[in-house]
Amino acid sequence: MQYYSTNGQSPEVSLQEAVVKGLASDKGLFMPKQIKRLPESFFQNMKDLSFQEIAFEVAKAFFGEDVEEAALKEIVYDTLSFDVPLVHVNDNIYSLELYHGPTLAFKDVGGRFMSRLLGYFIRKQGQKQVNVLVATSGDTGSAVANGFLGVEGIHVYVLYPKGKVSPIQECQFTTLGKNITALEIDGVFDDCQALVKSAFMDADLNKHMNLTSANSINVARFLPQAFYYFYAYAQLQKLGKEKEAVICVPSGNFGNITAGLFGKRMGLPIKRFIAANNRNDIFYQYLLTGEYNPRPSVQTIANAMDVGAPSNFARILDLYKNSHKDICAEISGCTYNDDQIRTTIKQVFDQHKYLLDPHGAVGYQAVADQLKPGEVGVFLETAHPAKFKDTVEPIVGAIEIPEKLQAFMRGTKQSIELPKDFASFKQFLLNE
Ligand SMILES: *Cc1c(COP(=O)(O)O)cnc(C)c1O
């Protein structure tokens with residue numbers, strides 16, 4: 001499969017090149033040239049298939065031309081070694097719990113898949129050592145670092161703002177060692193992201209080492225997220241609830257929802273999507289006005305969605321050929337502030353005994369507000385509530401920390417402190 005750039009100014013590339021480069025040379029995002037439709041028979045019998053079996057069919061449509069079937073199967077099965085249960089909350093509303101992976105975040109799926117695919121290119125196709133740079137304000141760093149831990153031929157540098165990441169999240173990527181280096185930057189998240197961007201554009205560094213990104217701009221990170229949309233549908237089918245399914249995605253950079261839109265293009269019978277925003281409602285405003293006005297992000301308690309210029313917006317525009325009307329026909333939006341998010345967490349816990357994290361709460365509320373008669377709503381619960389303990393506990397009382405998280409907290413922190421100027425970061429990488 002060839003991949004083109006959303007900016008249309010650079011040549012098409014192979015899957016391997018798209019994954020190793022991350023971003024096209026014209027700064028556009030890579031898109032597969034074709035989105036294959038899966039046969040009707042596949043959708044009819046989905047309820048009888050396991051998560052891995054379903055994902056393997058979807059993976060073959062994306063990657064089957066570029067990865068040998070047996071190797072692809074191994075990558076998929078190894079990535080999805082945990083469940084993604086659909087849990088009933090109330091009425092016609094279900095939570096798709098994406099947080100049962102190693103770091104308790106939905107990004108585990110994309111992080112693990114990408115690491116294994118890159119590992120395959122290195123082993124089988126002679127790809128030289130790849131260095132992954134990832135700037136994080138929390139969850140991305142932990143999912144990517146854990147996904148890539150111990151994968152030969154790949155080194156990961158996690159850049160994070162000193163003192164601005166929660167202690168639980170910090171220990172998930174600073175205690176690993178091996179091929180994971182945590183860089184503690186004396187600045188804010190935007191400084192970390194600026195350092196990564198400058199590194200990608202620096203000629204000396206690119207001569208010195210292969211650099212790629214494991215953010216959702218990378219096709220190997222975002223496309224595998226389509227897997228669980230199919231599995232959600234299969235679980236609805238098992239319940240006889242698959243007709244008129246609406247899926248709601250708490251969104252930041254819009255990689256997650258874009259993967260779902262790809263699923264719909266492949267024939268997955270989802271009626272429509274809801275893109276749920278916190279106060280960073282750039283996409284919601286776009287739906288209302290047809291104008292895309294990125295602006296600096298504001299801090300909220302659903303901080304993984306604090307994005308002022310959603311990177312995958314370019315992919316959504318490309319998918320719908322820039323038609324605002326077509327986008328509005330399939331996606332609706334909403335925006336909630338911190339007080340509303342807190343109220344939702346409390347109400348759902350009190351009334352339905354279901355514990356939401358702040359991101360899932362945005363998703364739940366959007367479904368509760370927008371579901372029409374006859375529709376069945378599924379919101380993606382993107383992180384375990386314990387990861388946002390400091391926000392959730394004052395609302396619902398003490399919550400249990402899962403053993404997986406406690407294990408990280410027992411490790412020893414190893415990180416390298418760096419100032420926020422590019423010259424120091426560049427020198428550090430040149431010495432590696
Ligand atoms: C990353 C993240 C999101 C936003 O996902 P996008 O793909 O960037 O839209 C939502 N919730 C949580 C918990 C996240 O970590």
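Student: Is Phe 113 buried or exposed?
Tutor: Phe 113 is buried, at 0% relative accessibility. Buried means under 20% relative accessible area, exposed over 50%, partly exposed in between, with a 1.4 Å probe and protein chains only. Keep in mind that this is a predicted model, where local features need pLDDT of at least 70, side-chain atom pairs count only at pLDDT 80 or more, and totals for chains, interfaces and linings use all residues. Residues are numbered from 1 along each chain as its sequence is written, and side-chain values use heavy atoms, leaving out hydrogens and water.
Student: And Phe 227, buried or exposed?
Tutor: Phe 227 is buried, with a relative accessible area of 0%.
Student: How are the rings of Phe 113 and Phe 227 arranged?
Tutor: Their centres are 5.8 Å apart and their planes at 70°, so the pair is edge-to-face. Rings of Phe, Tyr and Trp (its six-membered ring) pair if their centres lie within 6.5 Å; planes under 30 degrees apart count as stacked, over 60 as edge-to-face and the rest as tilted.
Student: Which ring cluster includes Phe 113?
Tutor: Ring pairs join Phe 62, Phe 63, Phe 113, Phe 222, Phe 227 and Phe 262 into a cluster.
Student: How many aromatic pairs are in the whole structure?
Tutor: The search finds 21. In one of them, Phe 51 and Tyr 231 have ring centres 4.5 Å apart and planes at 20°, so that pair is stacked.
Student: New topic. What share of the chain is buried?
Tutor: Buried residues make up 59% of the 432 residues.
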